[in-house]
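Student: I'd like a close look at one part of this model. Could you take me through it step by step?

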Amino acid sequence: MIAELGLVALWLCAALAGLQLVAGIAGLQGSAGLAGLAMLARPAALVQALLCALSFGVLLYLFAVTDLSVNLVAMNSHSDKPMIFKLSGSFGNHEGSMLLWVTVMALAGGLIAALERRLPERTMMATLGAQAFVALGFYAFLLLSSNPFERLSPAPAQGNGLNPLLQDIGLAFHPPTLYFGYVGLSVAFSIVVGALLTRQVTPEFARVMRPWILGAWVLLTIGIVAGSYWAYYELGWGGWWFWDPVENAALMPWLAATALLHSASVLASRDALRAWTVLLGVIAFSMSMLGTFLVRSGILTSVHAFAVDPERGSFILALLTIYIGGALVLFALRAGTVAEGERFTVMSREGALVVNNVALSAILGIVLLGTLYPLLTEAFDVRVSVGPPYFNPVSAIFVLPMLVVLAVGPLLHWRRDSFARIRPMFLALVGLGAVVLLGVWLWSGIAILPLLGITLAAMVAVGSLLPLRGRNLRRMPLAVWGMVIAHFGVAVALFGMAADTAYQQERLVAANVGDIIEVGPWTGTLAGVVPVSGPNWQSIEASLAVSYKGGEPIMTHPQARAFWSPPTETSEVALVTRWNGQLYAALGNQAEDGRWQVRLWWKPFVTWIWYGGLLIALGGAIALMGRLSVDLRRRWAQRKIADRKVDQAERAAG
Amino acid sequence: MRRLLLVTALVLSSPMPLAAQDSLPPAPYAYQQLDDPELEAKATDLMHTLRCLKCQSQSIADSDAPMAGDMRHQVRTRIAAGESPAEVRQWLVDRYGEYVSYQPRVTASTWPLFVAPLLVLLLAAFILRGRLVKRKEPGK
């Protein structure tokens, strides 16, 4: 009965989205006869948000009580699982994650309908209509081909369980974070379509869109950082980025959102780059949908697996074609009427941001090509692999110049600046880069990419702080703080990546209890190996005493863990974190002669990758707070002015 | 997450010979380094660019799959025997096809991978020219 309630709520949501679409179109027409219909757009969005939340709540409840008569629960849950993983299991599968997607989308739609008052009314109606149109496609997908509430009869005695790799607290929150990000970009997309329909591509439009882009971008950043750290400690081999198509699927929207964020800033502050911002808005959401398609269609497992059961994949592909194709056609039709906007010189903040935008788009193009190309050739039965040896150098062609511009760009003034003004700072940065480059090269002679990475990290770190020079820090707007922190985060993450790549040390040994293992500055002693067991797993656990440069030993406990439902083996690594890096210890199998495989890595500054990523997200969050508080203050001021007018009118009348 | 799912699926569904192979102890250099750090570094760099054929998107340097272990053993013993990384890669490609190498080569079926970045570079230069150079004299 409860499951059916969820399903009914979902169908009602779809109907409301239909209503919202019609109302939006009526509002776009703007004729007085349809005003009554147009008035329904906002309430339709609000009720939809509530019903969708109810529907998702129902799914959570079904997982919480492990209702095995529901197919999805039986397939993905198990009554012995810890509660938190029962709940996260509700979106750790295809149907549940799509329900989460539409729920977040409905909540976002409700939020714009409730709060957004800055857009011209017709643009607002067109935006709500576009939002409903996108939502309708996803409701159709969910209801027609991925019903999460489908019943199973007879109900089995026990469920299949959740893949143990997914039974991890980090991963429980990883997919929702990414989905929130994807959906934030869908809002930006709807606003873009609305503005194109009414030809209102203005700075005000960019200001309305900006918090959504910022929010989406912050969440995508966190999602990628969390996913990378999860892969790092869960897979047991110390890698943190694999250029895996699943990772690329999240990276591509992030790249597009980063470009969009900067371009929207130019539009908001300077009324320039109008068409470019609109195009990026379309591309950013396209990449979100493409990411969903890649991950959800099964095409990554095998093109042929996709061809055998193409229903879901084709559905998403059709949606992608309709929305993106439609938006691009609209863009082509309207691009001519969207004036270019204000002009600027090469030596200006805008000029630097254009370089940033073009470079980010180029990187996006490379990642897109490298991700899709193997799928394309596989369709013709030619199997090729595209991996780090391709992505690293080819993307570096664009990343390296972009980082140079990142170090210098924020120093430039808007519209028009002269090189003479920033020459001292520029020369200081170049000098710093040269010193670091030579110093590191002479000291350790590492490979070219990490060497350039460390050099540029130093330049970006200093360059990102230079805009603080000569400013009153207490009166500096939050948005500028956000920029400084995020750019500094780029430097921190870059340094971590380069340092780990260049200086990590690896030790793989077969050890007896009592053996001493050395890796870099660490000395480890295998003190013992014992079996341990948990609620749904059994492990072999090593006790490994490690000491840094002969200091106080620290006891660590890497495990080789075996889950039984479904049967899976995982490696639970032990990490010892210092400010300057991490010791990474993993336990493998026992060899014939009774020795244990132990894998140790010393990874200098590896944690800086994720600290940097979090700083980037923090910068975005601070900028978002800044933008929102300015908006709130403006609203408050407007209300006061309006009140005063009413007062004056009343006094005049009385 | 999906790559390990796939490993499990493949291991469970693979035909008997592989299952038999799984029960053998791993080859000596699957989980053991070469004594010469220089050769080991060479081998490790190479292993990071070879695909584990039983996993989804993992290199043989990042995988617990038995087959990845066997391939690591092959790479280490061949490098130790004095083969160059390029020769070892070629040997593996001859056995398993281009799919095993993460480093695509310019061939009839992969040339677009190398032409496209050049096109992107040209396009980027073109856009930047259009956006920036044209505006040396901003509208008055």
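Student: What percentage of the 140 residues of chain B count as buried?

Tutor: The model is predicted, so local features need pLDDT of at least 70 and side-chain atom pairs count only at pLDDT 80 or more, while totals for chains, interfaces and linings use all residues. Residues are numbered from 1 along each chain as its sequence is written, and chains are lettered from A and ligands numbered from 1 in the order in which they are written.

Now your question. In chain B, 34% of the 140 residues count as buried. Buried means that 20 or more other C-beta atoms lie within 10 Å of the residue's own; 12 or fewer means exposed, anything in between is partly exposed, and C-beta atoms are placed from the backbone.

What is chain B built from? It has six helices and zero strands. Read from the N terminus, its elements run α-α-α-α-α-α. Helices (H or I, at least four residues) and strands (E, at least two) are DSSP runs, numbered from the N terminus.

Next, the contacts inside chain B. Take those between residues at least 6 apart in sequence: 57% of them join residues at least 24 apart. Two residues are in contact if their C-beta atoms, placed from the backbone, lie within 7 Å.

Chain B also touches chain A. That contact takes 45 residues from chain B and 48 from chain A. On the chain B side, the elements that give two or more residues are helix 1 (2-13) and helix 6 (111-132). Helix 6 of chain B gives the most to this side, with eleven residues. By type, the chain B side divides into 21 nonpolar, 15 polar and nine charged residues. Here Ala, Val, Leu, Ile, Met, Phe, Trp, Tyr, Cys and Pro count as nonpolar, Asp, Glu, Lys and Arg as charged, and the others, Gly among them, as polar.
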